Amino acid sequence: QDNPLYELVQSQKKEGPQAHQENQFFLHAALDIVDEELWKTNSMFLKVVDKFNDRCISAFVTATNIKLLLLHDGNKGDDAIKSFFAEVHELYLKVMLNPFFDPNVAISSVTFDTRVRAVARKLL
């Protein structure tokens, strides 16, 4: 399924609701590209899979085929983005280990959100 499990908007730019919808559209469109890229590599980190305007979309795919996408300005190096994905993946795994969590429902944990925001501030 291509339903978002978690979404974080962390931008210094003031963007309206139309820009937010455009960002969601571009991220959903990138899912097809991610599926194609999966056939070309064994790596979980797919680097930049798509670009539009002045932004890049990087992807990370877990062993269970959960796709983590990051829409960014492209001014951070691959190492910082890979580290971000690795830390978010670890946080995601901790949520999945909770026996009361339903994997088909969006992640609404305040702790998860706080920790992802801290990782984003540190690395992005």
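In this predicted model, helix 2 (78-96) and helix 3 (110-123) pack against each other at an angle of about 170°, and their axes sit 10 Å apart. On the helix 2 side, the contact is built from Ala80, Ser83, Phe84, Glu87, Val88, Leu91, Tyr92 and Val95. Helix 3 answers with Phe112, Arg115, Val116, Val119, Ala120, Lys122 and Leu123. Sorted by class, the contact of helix 2 with helix 3 comes out as 11 nonpolar residues, one polar residue and three charged ones.

Next comes the sheet. Strands of a sheet pair through backbone hydrogen bonds, and they can do so either parallel or antiparallel. Here, three strands form an open sheet in the order 1-2-3, and the pairing is antiparallel. Strand 1 (45-52) and strand 3 stand at the edges with a single partner strand each, so one side of each has no neighbour in the sheet. On average, neighbouring strands of this sheet are turned by 25° against each other, if direction is ignored.

Strand 1 and strand 2 (residues 55-61) run antiparallel and are joined by six bridges. Along this pair, aspartate 50 faces isoleucine 57 of strand 2, while lysine 51 has cysteine 56 of strand 2 opposite it. The hairpin of strand 1 and strand 2 leaves two residues between the strands, and in this hairpin asparagine 53 takes a positive phi near 50°.

Now for how helices meet the sheet. Helix 1 (17-38) lies across strand 1, strand 2 and strand 3, and runs at about 135° to strand 1. Helix 2 packs on the sheet too, touching strand 1, strand 2 and strand 3, with its direction making about 140° with that of strand 3.

That leaves the empty space. Rolling a probe the size of a water molecule over the atoms shows where such space is left. The largest pocket holds about 1,600 Å³. Its lining is made up of 47 residues, and those nearest the centre are Leu8, Leu27, Leu69, Leu70 and Leu71. Helix 1, strand 3 (67-72), helix 2 and helix 3 each contribute at least two residues to the lining of the largest pocket. By class, this lining has 25 nonpolar, 13 polar and nine charged residues.

Key. Residues are numbered from 1 along each chain as its sequence is written. This is a predicted model: local features need pLDDT of at least 70, side-chain atom pairs count only at pLDDT 80 or more; totals for chains, interfaces and linings use all residues. Side-chain values use heavy atoms; hydrogens and water are left out. On a 1 Å grid over the protein atoms alone, a cavity is a set of points where a 1.4 Å probe fits but cannot get out, and a pocket is an open set with protein on both sides within 12 Å along at least five of seven lines; lining residues have an atom within 4 Å of a point. Grid points are joined across faces, edges and corners, and a volume is the space filled by probe spheres set on the points. Helices (H or I, at least four residues) and strands (E, at least two) are DSSP runs, numbered from the N terminus. Ala, Val, Leu, Ile, Met, Phe, Trp, Tyr, Cys and Pro count as nonpolar, Asp, Glu, Lys and Arg as charged, and the others, Gly among them, as polar. Two strands pair if DSSP finds at least two bridges between them. Axes are lines fitted to C-alpha atoms, for helices over the stretch in contact, and angles run from 0 to 180 degrees between N-to-C directions. Contact means heavy atoms within 4.5 Å.
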